[in-house]
Protein chains: 2
Amino acid sequence: MAFPKLSKLELQIMDVLWNNGPTAIRDIQESFGPKGRPAYTTVQTMVYRLETKKALRRARKIGNAHIFEAVISRDAAKARLVDEFLSMFGGRMQPVMAQLIEAGNLSPADVADAEKLLRDLAAKKKKEA
Amino acid sequence: MAFPKLSKLELQIMDVLWNNGPTAIRDIQESFGPKGRPAYTTVQTMVYRLETKKALRRARKIGNAHIFEAVISRDAAKARLVDEFLSMFGGRMQPVMAQLIEAGNLSPADVADAEKLLRDLAAKKKKEA
DNA sequence: GCTACGCTCTTACCGTTGTAGTAGGACGCA
DNA sequence: TGCGTCCTACTACAACGGTAAGAGCGTAGC
């Protein structure tokens, strides 16, 4: 229960809370942009479900509207996502990296960043060994 | 339709076909190992659903048993998975790489492989530019 | 030929996700 | 004080994924 599984839409909602801090349902819904956003009650349903999953909680009220805030951290959620993803690849990390890298979509700057991260990691591993 | 979304169990089934070539349901089921494998008919149901999704097809019969073979390629499926995953992160690649790298689970050899891939990619991008 | 075993097909059920409608309470403004 | 608006709370429902049982048919061995 510490780490409930979050679906895509649930994550998008959590993102709003992570980015903006405590937020009302109306504001979450409007943050989806005017095109093709879900209905107010759709967002509401997802928020309620996130509440039962203990991913967020009611922080306070403004008028008769509840203001919700995140309970789980973005990092925890992303770690969970990564696990999920890895399990799809049989838990082996290397093919995943390869796939991601080969899938392109990386700007030269991204490549540089990734390389730096890898070098740091390699250095750390060496020191540990 | 060219590219159906595959769930985790569906992928595990496809993996058997990708690894072993055309396979009967019984053999797919047994490839899950004796512990906690799904029932024969569960595998069968998933295979049938993969068939309607056009992810695999009936290749031939042996006795009264159908032999199934993959229609979609492993690479295509994995590319699709990567897309799915990226969309969870808002489509931005760099944070994903960072998360994966920081999530650990990489052997030194994995790191080296990834670095090499990145260097090759950087070189290719430079040449294109 | 009869029987048993394996495979096919069909059907079903539950949980999750995405979608939304509706009823009713509260609030603010005219 | 009454009307429109906004929010809550509840209910509904379809698609999908995972799970599997049950009925029936074909084949192989006796």
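This is a predicted model: local features need pLDDT of at least 70, side-chain atom pairs count only at pLDDT 80 or more; totals for chains, interfaces and linings use all residues.
## A ring cluster across two chains

F85(A), F89(A), F85(B) and F89(B) are linked by ring pairs into a cluster. Over all chains, the structure holds three aromatic pairs. In one of them, F85(A) and F85(B) are stacked, with 0° between the planes and 3.7 Å centre to centre. This pair joins two chains, because F85(A) lies in helix α4 (residues 74-88) of chain A and F85(B) in helix α4 (residues 74-88) of chain B.

Let us turn to how the two chains are arranged. In general, two copies of a chain are related by a rotation about an axis and a shift along it. Here, chain B is superposed on chain A by a rotation of 179° with 0.1 Å of shift along the axis, and the RMSD is 0.1 Å. The two copies are therefore related as by a two-fold rotation axis. If you want to find that axis in your viewer, look for E115(B): within chain B, its C-alpha is the one nearest the axis, at 3.2 Å.

Which surfaces do the copies use to meet? They meet through the same surface, because 100% of the interface residues of chain B are also interface residues in chain A. Each side can be counted: 37 residues from chain B and 37 residues from chain A take part in the contact. The size of an interface is often given as the accessible area lost when the parts come together. For chain B and chain A, the area buried between them is about 3900 Å², and 77% of it is on carbon and sulfur atoms. As for polar links, the count between chain B and chain A is zero salt bridges, while two residue pairs are in polar contact, both at pLDDT 80 or more.

Which helices of chain B build this side? At least two residues each come from α1 (8-20), α4, α5 (93-102) and α6 (108-128) of chain B. Of these, α6(B) gives the largest share of the side that touches chain A, with 12 residues.

Now for the fold of a single chain. Chain A has six helices and three strands. Read from the N terminus on, the order of its elements is α-β-α-α-β-β-α-α-α. Chain A has 129 residues, of which 36% count as buried. Among the contacts in chain A with a separation of 6 or more, 48% are between residues 24 or more positions apart.

V47(B) sits in helix α3 of chain B and is buried, with a relative accessible area of 0%. Leaving aside residues up to four places away in sequence, V47(B) touches I13(B), I25(B), I28(B), L56(B) and F68(B). One of these, I13(B), is 34 residues from V47(B) in sequence, yet the two are 7.6 Å apart in space, C-alpha to C-alpha.

The second residue is A24(B), found in strand β1 (residues 23-24) of chain B. At a relative accessibility of 12%, A24(B) counts as buried, because the cut-off for buried is under 20%. With residues up to four places away in sequence not counted, A24(B) touches H66(B) and I67(B). A24(B) and I62(B) are 38 residues apart in sequence, and their C-alpha atoms are 8.8 Å apart in space.

Most residues other than glycine have a negative phi. K54(A) has a positive value, near 60°, and is not a glycine. Where is K54(A) found? Its place is the loop between α3 (40-52) and β2 (56-62) of chain A. K54(A) is exposed, with a relative accessible area of 59%. In chain B, K54(B) also has a positive phi, of about 60°, although it is not a glycine. K54(B) lies in the loop between α3 (40-52) and β2 (56-62) of chain B, and K54(B) is exposed, with a relative accessible area of 61%.

Conventions:
Residues are numbered from 1 along each chain as its sequence is written. Chains are lettered from A and ligands numbered from 1 in the order in which they are written. Side-chain values use heavy atoms; hydrogens and water are left out. Rings of Phe, Tyr and Trp (its six-membered ring) pair if their centres lie within 6.5 Å; planes under 30 degrees apart count as stacked, over 60 as edge-to-face and the rest as tilted. Helices (H or I, at least four residues) and strands (E, at least two) are DSSP runs, numbered from the N terminus. Copies are superposed by least squares on the C-alpha atoms of residues with pLDDT of at least 70 in both. Contact means heavy atoms within 4.5 Å. Buried area is the accessible area (1.4 Å probe) that two parts lose on being put together, summed over both. A salt bridge is a side-chain nitrogen of Lys or Arg within 4 Å of a carboxyl oxygen of Asp or Glu. A polar contact is a pair of N or O atoms within 3.5 Å; within protein, one must be able to donate a hydrogen and the other to accept it, and residues adjacent in sequence count only if both atoms are side-chain atoms. Buried means under 20% relative accessible area, exposed over 50%, partly exposed in between (1.4 Å probe, protein chains only).
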